[in-house]
Amino acid sequence: MAFTVFSNFQNTINGKQSPTAEQRHGINPATGEPNPDVPVSTQEDVNNAVAAAQQAFTTWSDVHFEERKKAVLAFGEEVEKYAADFAKLLVQEQGKPLNFATLEVTMSIGGLRQTAELAGQIQDEVFEDTEDRKLVIRYTPIGAAVGIVPWNFPVSLCLQKLVPAVLTGNTVIIKPSPFTPYCGLKLVELAQGFFPPGVVQALSGDDSLGPWLTAHPGIEKISFTGSSFTGKKVMESAAKTLKRVTLELGGKDAAIICPNVDVEATAAKIAGMGFFNSGQICVAIKRVYVHESIYEKFLAAAVAFTKTIQVGPGTTEGVYMGPIQNAMQYEKVKGFFGDLTKEQISLSNGDSIPFDDKPGYFIKPTIIDRPAEDSRIATEEPFGPILPFMTWTDEADVIARANKTRMGLGASVWSDDLDQASRIGAKLQAGTVWINTHMEPDSRVPFGGHKESGIGTEGGIAGLKGWLNVQTLNIKKSSKGGLI
């Protein structure tokens, strides 16, 4: 199947472009204007894609790992040829600045290559080998899978599901977000030149599509990235057929700032990481606890940095923050300002009204000075550019406050005393704890959440094994003898 230009967006089913009778379109979040039409899949499309995935699995699962790896790496080379096109399309559908869109694409390709190398380390494990018997632990592919991709990182999270799935011998149907379907559809279209029909497919649709896929009896594994609320629905649906699930869900990441840091440098990093991608990152900093002895100075430095952040369309040079991705999320983020004072709101953006009625879903980055501990902004995930700052004095107390949430995705501790930082970090209930940094991804290590921030992991050997069943092969070396 020849790859088409970046203006024709179709489902890919069984190696072919598959048009639908009904279509819809996304919205450019910087302008409010419609993006191109995309398919609205039907139950029949789902059934056809699942049947093709099941059929392809019977042969793809038997392909030697080195051949699967070769196909993945060749696919990565092809994606790299179109990196600039994907970056521009990403700006158009997601809204992030072009330099960060380019970074997402290039880092995704790098992660693809790292994962391909890492997957080769998964081998059969001989647990016991005696004269009498041999015990072997094997890792076998699960079957036809679905990767449900969110709207905040449509390229990286698409490849983060697609690549491990096929490397481990599974087939996969990619379901991009209805808000950002474009890059995912094109990545899968491009993949057809490197994988047999049915191995990698894509379905775009409305709110009916996800439930159809998660409930389908022919699907054996769901990899979902999104909110904890939706993740629970995915798990509930998958439970009816005991599908394997990997759920990477929401976060309320705490950053604990100790008194011995470089205030100016650390404050700028904290604000920059809190507002990166307009705060639309599950693992972004969402609560900042600053030691009381440096609080005023730290707050002033963070506010000063925040006021330098340029907000605007992702195509404008120098912009650090683009719009909120969609109207629904825009209204949700606006709602967090409801219980805050005008003084708190205007602290870092110089305006008590951080949003306007101009085209696009833009919100100015805002630091909130010491909100109530039980306020929405201190307890819920806004998924937008609002960052609460609070104080602490007692180490045990700040650890307890950081852990007082049902979420546990990421956290960070900032201190020039590494013993102190490590001591605090070891007690934080989060899947990833960073010391003197935050939100630093590495596809070679597992990433996942504690509590309601998820089940299972992505990345690393552990993430790859999440795409595999474990099988114990118990070999008795002679058929002679009794039962005991």
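This is a predicted model: local features need pLDDT of at least 70, side-chain atom pairs count only at pLDDT 80 or more; totals for chains, interfaces and linings use all residues.
Which residues does Gln10 touch, not counting residues up to four places away in sequence?

View 1. Gln10 touches Gln17, Ser18, Pro19, Thr20, Gln23, Pro39 and Leu185, leaving aside residues up to four places away in sequence.

**View 2. Helix α15 has a buried side and an exposed face.** The helix spans residues 418-425. Its buried residues are Gln420, Ala421, Ile424 and Gly425. These residues cover an arc of only 125 degrees around the axis, which puts them on the same side of α15. An α-helix has 3.6 residues a turn, so residues three or four places apart point the same way. The face turned away from the buried side carries exposed Leu418 and Asp419. What do the buried residues of α15 pack against? Their partners are β12 (253-257), α14 (395-403), β17 (410-414) and β18 (432-435). At the start of α15, look for Asp417. One of its side-chain oxygens reaches to within 3.1 Å of the backbone nitrogen of Asp419.

**View 3. Six strands form an open, parallel sheet.** The strand order is β14-β15-β13-β12-β17-β18. Find the edges: β14 (366-369) and β18 stand there. Each has a single partner strand, so one side of each is left without a neighbour in the sheet. From one strand to the next, the twist averages 20 degrees. Now follow β14 to its partner. It pairs with β15 (residues 386-392) in the parallel sense, over four bridges. Thr366 has Ile386 of β15 as its bridge partner.

**View 4. Ile270 belongs to the largest nonpolar core.** This core has 87 residues. Those with the most contacts inside it are Phe195, Ile257, Ile270 and Phe389. Ile270 touches Ala255, Ile257, Ile285, Val288, Phe298, Leu387, Phe389 and Trp414, again not counting residues up to four places away in sequence.

**View 5. Strand β6 pairs with β5 and with β21.** Start with β5 (residues 125-129) and β6 (residues 133-141). They pair in the antiparallel sense over four bridges. A hairpin of three residues joins β5 to β6. Glu125 stands opposite Ile137 in β6. Next comes β21 (residues 468-476). How many bridges link β6 and β21? There are nine, and this pairing too is antiparallel. Here Arg133 stands opposite Lys476 in β21.

**View 6. Ser278 and Lys451 have positive phi values.** Most residues other than glycine have a negative phi, and most peptide bonds are trans. Ser278 has a phi near 60 degrees. For Lys451, phi is near 50 degrees. Ser278 lies in the loop between α9 (263-275) and β13 (285-291). Lys451 is in strand β19 (residues 450-451). Is each residue buried or partly exposed? Ser278 is buried, with a relative accessible area of 2%. Lys451 is partly exposed, at 28%.

Terms used: Residues are numbered from 1 along each chain as its sequence is written. Side-chain values use heavy atoms; hydrogens and water are left out. Buried means under 20% relative accessible area, exposed over 50%, partly exposed in between (1.4 Å probe, protein chains only). Helices (H or I, at least four residues) and strands (E, at least two) are DSSP runs, numbered from the N terminus. The arc is that of the directions from the helix axis to the C-beta atoms. Contact means heavy atoms within 4.5 Å. A polar contact is a pair of N or O atoms within 3.5 Å; within protein, one must be able to donate a hydrogen and the other to accept it, and residues adjacent in sequence count only if both atoms are side-chain atoms. A nonpolar core is a set of buried Ala, Val, Leu, Ile, Met, Phe, Trp, Tyr and Cys residues joined through side-chain atoms within 4.5 Å. Two strands pair if DSSP finds at least two bridges between them. Axes are lines fitted to C-alpha atoms, for helices over the stretch in contact, and angles run from 0 to 180 degrees between N-to-C directions.
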